[in-house]
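This report covers the ligand surroundings and some backbone features of one model. The sequence and structure come first.

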Amino acid sequence: MRPHIICHMGTSIDGRLHPSRFTKPAAGIPAEVLRSHYERIHDGFNADGWIIGRVTMNEMAKGTERQFANAPKLPREPHLGNRDGRKLAVGIDPSGRVHFGKDNVGGDHAVAVLGEQVSDSHLAELREDGASYIFAGLKGDDLASAMAQLAARFGAKTLLLEGGGAINGAFLKHGLIDEFSTLIHPAVDGVAGSQSIVDYHGEAGERPGAGQSLRLTHCETLEGGMVWLRHAVERAPG
Ligand SMILES: NC(=O)c1ccc[n+]([C@@H]2O[C@H](COP(=O)([O-])OP(=O)(O)OC[C@H]3O[C@@H](n4cnc5c(N)ncnc54)[C@H](OP(=O)(O)O)[C@@H]3O)[C@@H](O)[C@H]2O)c1
């Protein structure tokens, strides 16, 4: 069993990822009204935690790298810090490049999803921080196993997948997204090649959504002209 995974993202009308590039709100629409919808809806899901990719987690985690020259050789087994009832802040970090510096991100308990190839020094750093970690295979790319461990070890029933585009694309490719919650800003980015909210890195011609269909389950216009869409992901049998 794995958790129910909801990909919750804000975007421009052209599906782009970076709010700093969006056009300004129209006259009379306060930017903070538009900004507030994302966190309010995030909280409303009352999920057990949230998941982000290594690049996005690097922007949020404020620690710096420390070297543990005499770190013991540890088995590649899950390590659970003291969660203390908090929600989970999960970073998908195959090579151990995220440095938390503490046991939480924004108050939620830090959990690193690693490849077994990471150094013992990095594991020692995570343990000293009080963070938890699990392994997603040798290269850290077995996302299905990682999600199953989050259910089994942490009791996670619902998790929010919150970007960036690369990790959202990887989850889509692996058939691990059950629902999309998309907040469409009344804004446009407009430049060719700007990252989109689902941005799978694969071969030309690949279709990461193949075998999956989206069914609209909710459509609501929010204050300031933001549109909230919810889609259930349906998979073809087999
Ligand atoms: N709309 C929003 O408000 C919003 C929300 C979230 C993020 N963002 C922005 O998005 C940007 C980052 O997005 P991003 O797409 O570049 O990066 P990302 O999705 O945050 O992280 C991608 C990284 O995740 C790791 N990863 C682990 N397993 C993977 C797999 N199977 N496939 C692909 N990657 C895997 C890789 O780390 P390694 O390179 O270490 O292997 C990869 O480079 C940031 O600037 C952030 O601010 C915006």
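## Ligand shell

Among the 25 residues around the ligand, those that come nearest are Gly53, Gly163, Gly164, Ala166 and Ala170; a residue is near a molecule if its C-beta atom, placed from the backbone, lies within 6 Å of it. The model is predicted: local features need pLDDT of at least 70, side-chain atom pairs count only at pLDDT 80 or more, and totals for chains, interfaces and linings use all residues. Residues are numbered from 1 along each chain as its sequence is written.

At least two shell residues come from each of strand E1 (4-11), strand E2 (49-53), helix H2 (54-60) and helix H5 (165-173). Helices (H or I, at least four residues) and strands (E, at least two) are DSSP runs, numbered from the N terminus. By residue class, the shell holds 10 nonpolar, nine polar and six charged residues. Ala, Val, Leu, Ile, Met, Phe, Trp, Tyr, Cys and Pro count as nonpolar, Asp, Glu, Lys and Arg as charged, and the others, Gly among them, as polar.

## Domains

The ligand lies between domain 1 (1-48 + 157-238) and domain 2 (53-155), because both give residues to the shell around it. The bounds come from an automatic or database domain assignment.

## Backbone features

The peptide bond from Gly163 to Gly164 is cis, with omega near -5°. Gly164 lies in the loop between strand E7 (158-161) and H5.

Asn46, not a glycine, has a positive phi of about 50°. Its place is the loop between helix H1 (31-44) and E2. Asn46 is exposed (12 or fewer other C-beta atoms within 10 Å of its own, C-beta atoms being placed from the backbone), with 8 such atoms.

Note on methods: Buried ≥ 20, exposed ≤ 12 C-beta atoms within 10 Å, placed from the backbone.
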